[in-house]
Amino acid sequence: MKDAFGLPQSLLVLGGTSEIALATARRLIARRTRTVWLAGRPSPALEEAAGQLRGLGADVHTVAFDALDPASHEAVLGKVFAEGDVDMVLLAFGLLGDQARDEREPEAAVRVAQTNYTGAVSAGLVCARSLQSQGHGSLVVMSSVAGERARRANFIYGSSKAGLDVFAQGLGDALHGTGVHVMVVRPGFVRTRMTAGLPEAPLATTPEAVATAVELGLRRRTETVWVPGTLRVVMAALRHLPRGVFRRLPV
């Protein structure tokens, strides 16, 4: 069960090799979390991540999970919940894609959309139902400021995150009053392996900063978290710019 400050004893990470997710897991383990399930495609990286978290004192299990195989989600994730209550689910998998290539190769674009949106809808609904059945828990969904307004540079990725964000908000409304807390996290540019080599955007942040924001959001039972917080104001302004003006911005 979560403590009075909303921090979990047990954590299920969907996207078990995500740098943001692992930074969050490390921070929560340092506070209170004792059991962690890392769900992802079987790989040396997944096992290495599990080993690192075990070194911090957590009981860590790995789960073979594929976002692109929704038909398997109920069985795979159901086994985790069958082991006992899960206090927090962190939905952190996703593909950035390559905008130029994805425009030329629609199948690649579809893979981004299916991973970031369709896979997340499937896994999110399965986990939400299980959390509701146990009567408590948090579902933390890693969205992105890229979903706030379409940009020429990454509209395929951004559109998938926009869909995910709206889905998570609606799911939070649907679960209101059930004991289940849904929190949407909207980071800006995060310095990770996924973004290595890309031009760094203003207000860039780190996985550790996102993890800190997640912890604070859990303690406050916040529904939407921006990282860094100043992005809330920036995106509010950009969202309402006339389209012709927005097109001329170096974004």
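P228 sits in the loop that joins β7 to α8 (231–239), where helices (H or I, at least four residues) and strands (E, at least two) are DSSP runs numbered from the N terminus. The peptide bond leading from V227 to P228 is cis, with omega near -10°. This is a predicted model, in which local features need pLDDT of at least 70 and side-chain atom pairs count only at pLDDT 80 or more, while totals for chains, interfaces and linings use all residues. Residues are numbered from 1 along each chain as its sequence is written, and side-chain values use heavy atoms, with hydrogens and water left out.

Most residues other than glycine have a negative phi, and most peptide bonds are trans. R221 counts as partly exposed because its relative accessibility is 43%; buried means under 20% relative accessible area, exposed over 50%, and partly exposed in between, with a 1.4 Å probe and protein chains only. T222 belongs to the loop between α7 and β7 (224–227) and, at 23% relative accessibility, counts as partly exposed. When its neighbours within four places in sequence are left aside, T222 is in contact with H181, V182, M183 and G217, contact meaning heavy atoms within 4.5 Å. From T222 to E103 the separation is 119 residues in sequence and 36 Å in space, C-alpha to C-alpha.

## Helices α1 and α7

Two packed helices are described by the angle between their axes and the distance between the axes. Helix α1 (residues 19–31) and helix α7 (residues 207–220) have axes that come within 8 Å and cross at roughly 55°, which means that α1 is oblique to α7. Here the axes are lines fitted to C-alpha atoms, for helices over the stretch in contact, and angles run from 0 to 180 degrees between N-to-C directions; angles under 35 degrees count as roughly parallel, over 145 as roughly antiparallel, 65 to 115 as roughly perpendicular and the rest as oblique.

On the α1 side the contact is made by E19, I20, A23, T24, R26, R27, L28 and R31, and on the α7 side by P207, E208, V210, A211, T212, V214, E215, L218 and R219. By class, this contact has eight nonpolar, two polar and seven charged residues, where Ala, Val, Leu, Ile, Met, Phe, Trp, Tyr, Cys and Pro count as nonpolar, Asp, Glu, Lys and Arg as charged, and the others, Gly among them, as polar.

## Helix α5 and its partners

Helix α5 (residues 106–134) packs with helix α6 (residues 155–175) at an angle of about 15°, their axes 9 Å apart, so α5 is roughly parallel to α6. The crossing in which α5 passes α6 is right-handed. Residues of α5 in this contact include A109, V112, Y117 and L125, and those of α6 include I156, Y157, F167 and L175; by class the contact has 14 nonpolar, five polar and no charged residues.

The axes of α3 and α5 come within 10 Å and cross at roughly 35°, again in a right-handed crossing. From α3, the residues H73, E74, L77 and F81 meet G119, S122, A123, V126, C127, R129, S130, L131 and Q134 in α5, and this contact divides into six nonpolar, five polar and two charged residues. K79 also lies in helix α3 and, at 61% relative accessibility, counts as exposed. In helix α5, A108 counts as buried at 15% relative accessibility, and, its neighbours within four places in sequence aside, A108 is in contact with R101 and D102.

## Nonpolar cores

A nonpolar core is a set of buried Ala, Val, Leu, Ile, Met, Phe, Trp, Tyr and Cys residues joined through side-chain atoms within 4.5 Å. The largest such core has 32 residues, of which L12, L14, L77, V89 and F93 touch the most other members. Elements that give two or more residues to this core include β1 (10–14), β2 (35–40), α3 (73–82) and α6, while α5 contributes the largest share, seven residues. Apart from this core lies another, of 31 residues, among them L28, A50, A58 and V210.

Methods
Left-handed = near helix turned anticlockwise from the far one by under 90°.
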